Amino acid sequence: MKKIITVLALFFSIYSYAQYEQDVSSADAIVKALYDVISGPVSKTRDWDRFRFLFGKDARLMTAVPHKDSGTIIRTITTEQYIDRNGKRLQEIGFVEKELQRITETHGAVTHMFSTYQSDLTINGNPQQIRGINSIQLFNDDKRYYIVSVFWDGDSKKQIHKKYLSQ
């Protein structure tokens, strides 16, 4: 019985992820899927299985955040921690993030992107707009792309250099 349950669980996980295969077929597709899966109006439930599928096994998400005593610090979390910390919050604030421009470089199996973004959200009834840059690292195993890390700086007080904005 235990073997049957294990086989069924494996079958359903493979079947459920098949719908996301197109998301990982190219560097463009995976970045589009990343922005799409975290974005949505107030009360929209995000597809966290799709989010998980985009990332490699040991992937990390990191953000540079202002710290009152230490200047800027890095916060590092796993994909599951991101979901736990932001799942409900993204629904509450109507978070929509879109890519404004991207600079991409690839060598072999490694792709790096500077992806300039704009986030629109509402906090305490006040619409806000934040721009920043995602540094996204991808791995391609010749079958699909995986996000290895996303490191962003969304400090709205910092000026974004013109080379990272649409020309």
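This is a predicted model: local features need pLDDT of at least 70, side-chain atom pairs count only at pLDDT 80 or more; totals for chains, interfaces and linings use all residues.
The mean pLDDT of the protein is 89, and 89% of its residues reach 70 or more.

Two remarks on conventions. Residues are numbered from 1 along each chain as its sequence is written, and side-chain values use heavy atoms, with hydrogens and water left out. Local features need pLDDT of at least 70 and side-chain atom pairs count only at pLDDT 80 or more, whereas totals for chains, interfaces and linings use all residues.

Now the overall layout. The protein has four helices and six strands, where helices (H or I, at least four residues) and strands (E, at least two) are DSSP runs numbered from the N terminus, and their order from that end is α-α-α-β-β-α-β-β-β-β. Of the 167 residues, 38% are buried, meaning under 20% relative accessible area with a 1.4 Å probe and protein chains only. If we take contact to mean heavy atoms within 4.5 Å, then 52% of the contacts with a separation of 6 or more are between residues 24 or more positions apart.

Turning to α2, this helix covers residues 27-38, and its 12 residues reach 17 Å from the first C-alpha to the last, close to the 16 Å expected at 1.5 Å a residue; that expected span is 1.5 Å times one less than the number of residues. Nine of the 12 residues in α2 are buried, among them Ala33 and Val37.

Those two residues lead us to Arg50, in helix α3 (residues 48-54). Is Arg50 buried or exposed? Arg50 is buried, because its relative accessible area is 15%. Setting aside residues up to four places away in sequence, Arg50 touches Tyr20, Asp23, Ala33, Asp36 and Val37.

Beyond its neighbours within four places in sequence, Gln129 is in contact with Gln118, Ser119 and Asp120. The C-alpha atoms of Gln129 and Ser119, 10 residues apart along the chain, are separated by 5.5 Å. With Asp120 there is a side-chain to side-chain polar contact at 2.9 Å, a polar contact being a pair of N or O atoms within 3.5 Å, where within protein one must be able to donate a hydrogen and the other to accept it, and residues adjacent in sequence count only if both atoms are side-chain atoms.

Technical notes
Buried means under 20% relative accessible area, exposed over 50%, partly exposed in between (1.4 Å probe, protein chains only). pLDDT is the predictor's confidence in each residue, from 0 to 100.
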